[in-house]
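Work through the exercises below with the sequence and the coordinates open. Each task is followed by a solution in steps.

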Amino acid sequence: MKNCMILIWIVLLLLPTYYGVLANGRAQYQSVASSRTDKKENVKKKKNTPKKKSAKNSTIASSNFSTAARKTDTPYQKVFKDKSVETVKSDFMTIHKVDGKLYFEIPLKQMGLEMLLSAAASQTSNSTFADMGLKKMLHVKFTIEDSLVYLRMVNKTTTYDTKEHNIVPAIQDNTLDAVLESYKMVGLNADKTAVLIDVTKFFMETNDNLNLFRKKYSLFSIYGKSKMGSAVVKSMKTFDDNLTIKVLMPHTVKLLLMGMTYAQEDVTVMATYSLVLLPKESMRPRISDSRVGVFLTNKEHFTMEQDGVEHYSMAYRWRLEPKDVEAYKRGELVEPKKPIVWYVDSAFPEEWKEPIRRAVLRWNPSFEKIGFKNVLQVRDFPKDDPSFDPENVKYSCIRYLPTGIANAMGPCFVDQKTGEIFGASVLVYSNVVQMINNWRFIQTAQIDPSVRNKKMPQEIMDESIEYVIAHEIGHTLGFMHNMAASAAYPVDSLRSATFTQRYGTTPSIMDYARFNYVAQPGDKGVKLTPPTLGVYDDFLVQWDYQYFPDAKDMKEEAIILEKMVDAKAGDPMYRYGRQQIASRYDPSALEEDLGDDPMKAGDYGIKNLKYILSNLDKWIKDDADGSHKNSLYRGLANQYYRYLKNVSYNIGGIYLTEVKEGTPGQRFVAVPKAKQKASLKWLINHFRDSDWLNNKELTRKFPLGINMGAITQKALASSIPNLYKGVILSSHVSQDPYTEQEFFNDLYNLVFENTIKNNTLTDADKMLQMTIIDWIAQTFTVAPAGKGLLGIISEEDAYAPSLEDIAAYGLDETGITNHFFDQIRLMREKQGNMITAEELTNFGYSYGWQNNVNITAIDNSRTYIFALGTRVRQLLENKLSTAKGADRTHYEILLFTLNQKLKNL
C-alpha cells in the first residue's frame, strides 16, 4: 500500500511536466501551421506554456526508456522508434528511409522557396517503353497550411506591374499555385526547425505528374502502373541545395492501340528523382522575338499601361555574365562567372569521346564573337567525387543509352519564371551509329567512295558524331530547329566547291539538312556536310547571349535586340522557319531537304539514288545474310519518298515568315500557280516512274516481302487526293490563285492520261486511278450514326502528316512511331485512315506549332469532286468498248464503284 501511494505521488508530480510538454509541442506546431492566420491566439498560448528541454537522442531503443519516459516520445520520435532507419542529412533537407518508407524532413526556412523536381528512368529492363534518361520536370514549392504540408505547382505564367498596388491583391487571388500533393504533418524535429512528412506514395508508386513512361499518342498509348508495395529505395543523397533519390520500381506496362491492349509486359525501372533549389536571385529575363528560333516560356502581363492583358514570352538562356565587366566593356575576351560545363559519360565507346568533346567546344568561337571565352567546357565523369551524380539536374551530362533507338536528344532544364537554363542533358542512343551510317551512304555514296562500305571509315564516323552532338548542344543552349535554313541556298550552289566549302549545306546546323544529296558524281571538291556552325547559328548566339552592361532592364535590352533582328529582316540566311508538326503548310521549312527548289533538288537526288541502287550489291561486301543491304535499300526508298513528298508540299503550299510591320517580307505568300501546276505534274510522273526501285536482282537476296516501289507508291497514292484542301486555302490567300477547278482539271488529265490516250495502263496507273475513285466514293458515303459531319466521313487533313510522313521525317522524337510502325499501320487500315501528329509535339515549346486553319467556310470542294466523278464516269463509259483484257476489267470495277455512289446524287 505504501509503495502504491509513493507511485501515485510520483505520477502526480510528473503530470504538470507531462502536460506542459504536450502543450509546448502543440503551441510550436500551431505557430508553424498558422503562418497566415490566428497569430494573436498563438502568441497567447505560447506565453502560458512551460518550456521543455529538447531530447538529446530521438533514436534511442525502446528498451532504454522507462515507462514514464515513453510517454514523452514526440510524434517525430515515434516514427523512428524500434525501426530500421537510414538517414542522409544536409542544410537543404534531410531524408529518412524507415522500414522501407520514405520521409522528408523539410526545414521551415525552405517553405515557400521555389524548386525544380525531376524524374527520370536511369535504368530499365525495356528501353522501348521507358523514357531512358529523359527528365520530367515540375516547378514546385512546399507550403504549410494548418495541419498539412502542400506540394504546389508554381504559377509561372503570370506577371504584373508591381507599381500598380491596387491590382496586385486581385491578381494574386486569381493566380494561386495549384496543389499537387498534400501531406499530413507527422511532427516537428527536436529543435522545431523542420517538419517531417511521409512522401512514400509520391515517390514509390505510380505518379501521373512524373510519369516515367511515354503516355498518349494519336493512335496508341503506353500506360505503366507500378506494382503495389514492390518499390525499394536504393540510394539517397542530399547536398547544400539539392537531393537525389533512386527507387527500384517494378511496373506492368501496356501498349494500347485504338484503346485496345496490344501488348503487356513487366518492366522494371530505376526511377531517379532530383529536387534542386532555384536561385533566390533571379536572372534578368530576355524578351523573345518570334523571328528568332529559341525555346521560350510564355507569359501574360497585367498592367494598366494598355487595355487588356499583354502577352509576351521569355527566351531560354544560361545566365552568362562576364567575370570582369569593365574588361568586357573594353572589348576584351572575358570568361563567364559560371561556365557551361559538360560531363561525358564514361560508358561511351572510347572512339566516340573525342568527337563528342569537339562537338561541345565547336560552339565556343561563336561566343568569342560576342566577347566570352571558354564558355563551354568538357570533362569526363568524375571518378572520385561522391557528390557527382549524372541524374542530378545540377550536372549537365552527355549520356550513352544502349537501346535500339536511332536518335539523340538535347532537353534542358529551366526556371520557367525567367527562362534561365541551369542544367541540360544530351541523350545519345547507341543505334545513332546505324542512322549516321545509312545517312552517309544513301546521301553521298554517289560521290564519296570512302562510304561505300558496310562500316564507315573512322574519320567519317567522327565527323558525323560530332555533327549530331553539336546539333543537340544547340538545343541545350536554347535554340529551336530552324527548318527553313537550308531553303536559303540555290540548289545549284550545292554543286559548287567554292560555295559549299564556305557555307556547307545550310546556314544553320539547327536545321535537318544532313548531307549533300544534290552533289553529282564528278563534282570535284564539294563539301558534303553541314557547316561547323552556320551564319544563323552565330546570330542565335549573339541574340540570346550578348551581354548588355548598360541596359538597366529587360525592356531596354529588348529595344537593342529588336533592332538587331530588324537589320537581318528579308535576308533568307537569317530567316526562321518553325518546325511544322501537326500542320505542314510551308514547303520551304521541311526536315531532310536541301535548297530552294524541291523539284530540282529531287531530280538530282533521284538520279543519285538510281546510281547508288545499281551499285549497291557490288559496293557492300561481307553481308552474307543481306541484312545490311536490305536496311540500305529500305533507307534509299525512304529517301525517295521524301523527295516526292517535298515536292507535293508545293501543291497548296504557303510560305510562312515571321515579319514585323515596317520591315521587309510578308507573313504568308502562296506558292506561285505555275510552280503548283508543275509540282503536281512532276509528282505524278515520278509516281508512275517508281519501278526502278524494284531491283529484283538485289531484292531476291532479301527475305520474302513486297518491293519498295509498290510500298512507296501506295503511301503516296493515299496522299494525292487530299492535296485539294491545301489548294483551297492557298487560292484563298493568293493574288494569282491556283484554283480548285484548275487543280481538279489537272488531276483528271494527269491521273487518267493513259486512259485518255488509249495507252495500256501500268500498275501505277491502276493504283492511282483506283485510289481516286475510292476517294470520290468515300466523299459521298453516308457515315454510320455518330460518325462524321453532315453524313460525310471525316478525312485526314491535307496539311497533317501521314503515318508515313511521321516516320520518314523523324517527327516523333521518341522513336516509338518507327518502332511500332507496322502494327500502327495495320490498325489504321482496320480502323480508318485517321492519324494525327498532335501528340508528337512534346519536344516543342517555342512560339507554338503552326495550327491547322479551318477551311470549312470556304470549302466548296464537294461540287468539284462530284464533277470529277461524273467526268471520270463518262470517260470510262466511252473507253469500255475499246479496252481489252486487264484494262477493261479495271475500268469495269471503277465504273461499278462510281455508279454505286453517284447514281442517286
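**Exercise 1. State how many helices and strands the chain has, and what share of its residues is buried.**

Solution. The chain has 28 helices and 25 strands; helices (H or I, at least four residues) and strands (E, at least two) are DSSP runs, numbered from the N terminus. The model is predicted: local features need pLDDT of at least 70, side-chain atom pairs count only at pLDDT 80 or more, and totals for chains, interfaces and linings use all residues. Residues are numbered from 1 along each chain as its sequence is written, and side-chain values use heavy atoms, with hydrogens and water left out. Of the 905 residues in the chain, 55% are buried (buried is under 20% relative accessible area, exposed over 50%, partly exposed in between; 1.4 Å probe, protein chains only).

**Exercise 2. Give the strand order of the open sheet of three strands and identify its edges.**

Solution. The order is S7-S15-S16, with mixed pairing; two strands pair if DSSP finds at least two bridges between them. Strand S7 (158-160) and strand S16 (310-315) each have a single partner strand, so they stand at the edges and one side of each is left without a neighbour in the sheet. Next, S15 (residues 296-302) pairs with S16 in the antiparallel sense over six bridges. Within S16, Met-314 is the residue opposite Thr-297.

**Exercise 3. Describe the packing of H23 against H27.**

Solution. Start with the geometry: helix H23 (residues 763-779) packs on helix H27 (residues 861-880) at an angle of about 130°, and their axes are 10 Å apart. Axes are lines fitted to C-alpha atoms, for helices over the stretch in contact, and angles run from 0 to 180 degrees between N-to-C directions. That makes H23 oblique to H27 (under 35 degrees is roughly parallel, over 145 roughly antiparallel, 65 to 115 roughly perpendicular, the rest oblique). Then list the contacts, meaning heavy atoms within 4.5 Å: Ile-772, Ile-773, Trp-775, Ile-776 and Thr-779 in H23 meet Ile-865, Leu-868, Gly-869 and Val-872 in H27.

**Exercise 4. Asp-99 and Glu-592 each have a positive phi without being a glycine. Locate each and classify it as buried, partly exposed or exposed.**

Solution. Asp-99, with phi of about 50°, is in the loop between strand S2 (94-98) and strand S3 (101-107). Its relative accessible area is 48%, so Asp-99 is partly exposed. Glu-592, with phi of about 60°, is in the loop between helix H14 (554-566) and helix H15 (598-619). A relative accessible area of 8% makes Glu-592 buried.
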